[in-house]
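Here are a few exercises to work through with the model open on your screen. Try each one yourself before reading the solution.

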Amino acid sequence: MNESDNFVLDTQLDPRYGIYDSYPSDRPEQHQWNGTARSERTPMRGILRNSTTRPSCGSSDYAQTQYRSQATPRCSFADAILRACTAEFISVLITVFISQHVEASVAEYHLSFLQRIAFLSLVDATVVLVFVSAFRTVHINPVITLAQMFATTTSWIMCIFLVFMQLLASIIAVSLYNYLHAIPAHSIAAIHQNVKADWIKSTYTFVLLQFCGTMMVIMSNLMITTRHGARRIYVGFMTANPLCLYSSILIASFLSLSQASVHWNPLQSLAISIFFTIKGEESPWISHYVFWIGALGGSMFACFLYRLFFAPEDKRLTNCCCTSEPAETV
């Protein structure tokens, strides 16, 4: 149908015909039922006309509109927390389980060290991309939740619930995998032993690489998320393409695995240590703090840079150089 074939569905009874009339709007000889002439180009009305202002269901504007409508005051705080926590629980549970399964499966094949960590990094980034694109509010990594809290993108109440869901889901995922396949003791986080360097230098190298990788992940996450929700219960909502987040997770996981058995997310190693502690295994916590130093440091440094330079002006730590001056009247 072209533009000249616009049809009008009149719901007024036309006294000339005694019927509900449906006819093209461009007929010059027809008049309105009250005697006034119909315009030569009557705009199309009725159920066949689609609103030009209606957003497409596949566009980002439609997703943002739908999420804002869900975050209206009519939606209770409990419902908002429940939806975010459910999405976080599902994402972490499946992500940790798949990561544990793939890592154990790859060990059975004769792959080189470089091929193995490259494949594990690709799986980590791809699985996270699926859930981040689907739910748009999940963090999966506790350091991301911490950065979102200090960046005022996610409320501290929501962060507490999200971290609890992350710990619970990761422990359940490790326990579920152990029920299907026994987790060996060498799955506990450890620094790779290098004959050319001692343990101290290897540890410093790992912390520095983890710091750089985590900083890229946090900065990418903060740049593509905005604050959505009520006054006290709000969460960071992804509003841009997550390609930068995917690439940063891929690089961060590769850097971490090149020096230790810890992926980009140290939550999985924490869950394994808690699991072996419950089982009564000996010393699962030896130097475990090392695997969180670079992650926490990179998260806080990236959050500081974001708040200092890249955050919106009302959330920026200092906006003395970006203050807007009132326009001069002419």
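**Exercise 1.** By class, how many nonpolar, polar and charged residues does the lining of the largest pocket have?

*Solution.* Keep in mind that you're looking at a predicted model. Start with the pocket itself: the largest one holds about 400 Å³ of space. Next, pick out who sits closest to its centre: of the 19 lining residues, that's Glu103, Arg116, His186, Ser187 and Ser261. Then check the elements: α2 (77-106) and α8 (267-279) are the ones that give two or more residues to the lining. Finally, sort the lining by class, and you get nine nonpolar, eight polar and two charged residues.

**Exercise 2.** Work out how helix α3 and helix α7 meet.

*Solution.* First, find the two helices: α3 covers residues 113-135 and α7 covers residues 243-257. Two packed helices are described by the angle between their axes and the distance between the axes. Here the axes come within 8 Å and cross at roughly 145°. Now for the hand: α3 passes α7 in a right-handed crossing. The residues of this contact split into 16 nonpolar, three polar and one charged.

**Exercise 3.** Take the "transmembrane region" entries in UniProt and compare two of them with the model.

*Solution.* The unreviewed UniProt entry lists several such stretches, among them 80-101 and 113-135. Look at residues 80-101: the chain is 100% helix and 0% strand there, with the end C-alpha atoms 32 Å apart. Now move to residues 113-135: again 100% helix and 0% strand, and the end C-alpha atoms are 34 Å apart.

Notes: Residues numbered from 1 in each chain as written. Predicted model: local features only at pLDDT ≥ 70, side-chain atom pairs only at ≥ 80, totals over all residues. Heavy atoms only, no water. Axes fitted to C-alpha atoms, helices over the stretch in contact; angles between N-to-C directions. Helix = DSSP H or I, 4+ residues; strand = E, 2+ residues; numbered from the N terminus. Left-handed = near helix turned anticlockwise from the far one by under 90°. Nonpolar A, V, L, I, M, F, W, Y, C, P; charged D, E, K, R; others polar. 1 Å grid on protein atoms, 1.4 Å probe; cavity = no way out; pocket = protein on both sides within 12 Å on 5 of 7 lines; lining within 4 Å. Points joined across faces, edges and corners; volume = space filled by probe spheres on them. UniProt positions renumbered as here; feature names shortened; annotations may be inferred.
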